[in-house]
Amino acid sequence: MFKARLKLKEAAVTKAIYVNLVVQDLSRSRAFFKALGMHFNPAFSNEQAAALVIGDGIYAMLHTPDSMRRFTAKSLADPGRSLEVMLALQQEHRAAVDNMFHRAIDAGGMEQRPAEDHGFMYSRSFEDPDGHIWEVFWMDSCPPCDR
């Protein structure tokens, strides 16, 4: 019984995550994220979509509207008008939060809301040029995962 339960838990572990986002101008989005110090995987990028490398096993696929329509019959959200998703990126220290935030603003992003400082957690929030909300945060301690 215990061995069967262990195998089930092992099977539930995900190797990577690809968050798929619609962008209106792929070139502009690529330039924005490059200004934040991020890069793209050319093997999964073309003129319709680009694979943004966020971290080990963490990616955002930036799709033109036509590219995203290949995957769904649903209407596409306008992130400038409604919240579709909020992405949170944990940083190693507070200074890294401010660094990424200021790079985003300098590259054409907009502050989404004022910084929050709770002592054990510090966060900044910005919108990319398409209106997607990105939370950049540092946390002093994080509870362990439930594995």
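Which residue forms a salt bridge with Arg113? The partner is Glu116, with the closest N and O atoms 2.9 Å apart. This is a predicted model, so that distance is a computed one. Arg113 counts as partly exposed, at 25% relative accessibility. Glu116 is partly exposed too, with a relative accessible area of 31%. Both values fall between the 20% limit for buried and the 50% limit for exposed.

Now take the sheet. It is open and has 4 strands, in the order S5-S8-S7-S6. The pairing is mixed. S5 and S6 stand at the edges. Each has a single partner strand, so one side of each is left without a neighbour in the sheet. From one strand to the next, the twist averages 15 degrees.

S5 and S8 run parallel and are joined by 5 bridges. Leu87 stands opposite Trp134 in S8. Met86 also has its place in S5. Is Met86 buried, exposed or partly exposed? Its relative accessible area is 46%, which makes Met86 partly exposed. Leaving aside residues up to four places away in sequence, Met86 touches Ile133 and Glu135. Strand S8 covers residues 133-139. Glu127 is 41 residues from Met86 along the chain. The C-alpha atoms of Met86 and Glu127 are separated by 9.6 Å.

Asp117 has Tyr122 in S7 as its bridge partner. The two strands, S6 and S7, form a hairpin with 3 residues between them. Gly119 sits in the turn and has a positive phi of about 85 degrees.

The side chains of Glu111 and Arg124 meet at 3.8 Å, N to O. Glu111 lies in S6 and Arg124 in S7, so the pair ties together parts that are 13 residues apart in sequence. The two ends differ in their surroundings. Glu111 is partly exposed, with a relative accessible area of 41%. Arg124 counts as buried, at 11% relative accessibility. Elsewhere, salt bridges that share partners join Asp98, Glu111 and Arg124 into one network.

H4 spans residues 94-106, 13 residues in all. From its first C-alpha to its last it reaches 19 Å. That is close to the 18 Å expected at 1.5 Å a residue. How does H4 sit on the strands? H4 lies across S5, S6, S7 and S8, and runs at about 10 degrees to S7.

Which residues of H4 are buried? They are Ala96, Val97, Met100, Phe101 and Ala104. Seen down the axis of H4, the buried residues fall within an arc of 130 degrees, so they line one face of the helix. Ala95 and Asp106 are exposed, on the other side of H4. What covers the buried residues includes strands S5 (86-90), S6 (110-117), S7 (121-127) and S8 (133-139). Helix H2 (26-35) is also part of that cover. Just after H4, Gly108 takes a positive phi of about 110 degrees.

One more salt bridge deserves a look. The structure holds 7 of them. Asp66 forms one with Arg69, where the closest N and O atoms are 3.2 Å apart. Both residues belong to helix H3 (residues 65-69). How far apart are Asp66 and Arg69 along that helix? Being 3 residues apart, Asp66 and Arg69 are separated by about one helical turn. Asp66 is exposed, with a relative accessible area of 56%. Arg69 is partly exposed, at 47%.

Notes
Residues are numbered from 1 along each chain as its sequence is written. This is a predicted model: local features need pLDDT of at least 70, side-chain atom pairs count only at pLDDT 80 or more; totals for chains, interfaces and linings use all residues. Side-chain values use heavy atoms; hydrogens and water are left out. The expected span of a helix is 1.5 Å times one less than its number of residues. Buried means under 20% relative accessible area, exposed over 50%, partly exposed in between (1.4 Å probe, protein chains only). The arc is that of the directions from the helix axis to the C-beta atoms. Contact means heavy atoms within 4.5 Å. Two strands pair if DSSP finds at least two bridges between them. Axes are lines fitted to C-alpha atoms, for helices over the stretch in contact, and angles run from 0 to 180 degrees between N-to-C directions. A salt bridge is a side-chain nitrogen of Lys or Arg within 4 Å of a carboxyl oxygen of Asp or Glu.
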